[in-house]
Amino acid sequence: MVRSVDSPLQTAKAWSRSRRRKQPPEGDARTRILDAAEELFAGGGYEATPTARIAELAGVPKGLVFHYFPRKIDVLVSLVDERTVVIEEEVEAVPGDAAGALSRLARRLPLHASPAMRRILFREADTHLSVRERLGRLNTEIIRRARFALELALPGGRGDAARLEAAAATFAAVLLYQESICLLTGHHIDPDAVAELIAGALR
């Protein structure tokens, strides 16, 4: 029985087709790079994570990381842009129940992000502009909601605009401080107690 022998060109084409089938889609490689960076930045911090370690954990060549992200900071920016979302929702408030309105807001912090991404946000906010901007937007949204909730809960003009603004900003600062300090020490601040204090000061 005579067996046909492929030409070198046919063999090369077959090998190339096989390689293309085995390689993961480009989008999948990019996702793996971001997954690896999220894990590493959350664990050891951005500065302590070399690009080579991201590539190793993602299972891709280091050059592919630079194909998608020319600088390491681009990885962090993409994580923040794509994996943290500040959610804008309606505020729930009952007239006369300012403490309850703030407590409900505390339980629904308007940030959609994984626990790892939350750690990255609060860890890197002091050193990277993109992270600081996202955290600033979160702070602004919490203040907006808290102020609106207090306005709804305190009808009849109790507490002028400046006092309500100060109360909302204080509540936002406590919530963000709680997130940050909890990551560092594990200490929890009771947001319900803070809500009661702020509501009491506005009576």
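Predicted model: local features only at pLDDT ≥ 70, side-chain atom pairs only at ≥ 80, totals over all residues.
## Aromatic pairs

Let's start with the rings. A pair of aromatic rings is described by the distance of the centres and the angle of the planes. This structure has two such pairs.

Tyr68 and Phe69 are both buried. Back at Tyr46, there is a charge to spot as well: Lys72 lies over the face of that ring, 4.3 Å from its centre.

## The largest nonpolar core

Phe41 turns up again when you look at the largest nonpolar core, which has 56 residues. Which members touch the most other members? They are Ile33, Phe41, Ile142 and Phe171. Where does this core lie relative to domain 1 and domain 2? Domain 1 (29-83) and domain 2 (98-202) both supply residues to the core, so it lies between them. As a bit of background, nonpolar side chains in soluble globular proteins tend to be buried together.

Now zoom in on Phe171. If you skip its neighbours within four places in sequence, Phe171 is in contact with Leu102, Leu105 and Ala106, and also with Ala146.

## Helix 7 and Ala116

Helix 7 covers residues 115-124, and Ala116 is part of it. This helix is mostly covered, with seven of its 10 residues buried. Which ones are they? The buried residues are Ala116, Met117, Arg118, Ile120, Leu121, Phe122 and Glu124.

Ala116 is worth a look of its own. Its relative accessible area is 13%, and because buried means under 20%, Ala116 falls in that class. What does Ala116 touch, once residues up to four places away in sequence are left out? It touches Glu38 and Ala42. Glu38 is 78 residues away from Ala116 along the chain, yet their C-alpha atoms are separated by 6.6 Å.

Conventions: Residues numbered from 1 in each chain as written. Heavy atoms only, no water. Phe/Tyr/Trp six-rings, centres within 6.5 Å; stacked < 30°, edge-to-face > 60°. Buried < 20%, exposed > 50% of the residue type's maximum accessible area, 1.4 Å probe, protein only. Lys NZ or Arg CZ within 6 Å of the ring centre and 35° of its normal. Core = buried A, V, L, I, M, F, W, Y, C linked by side-chain atoms within 4.5 Å. Domains from an automatic or database assignment. Contact = heavy atoms within 4.5 Å. Helix = DSSP H or I, 4+ residues; strand = E, 2+ residues; numbered from the N terminus.
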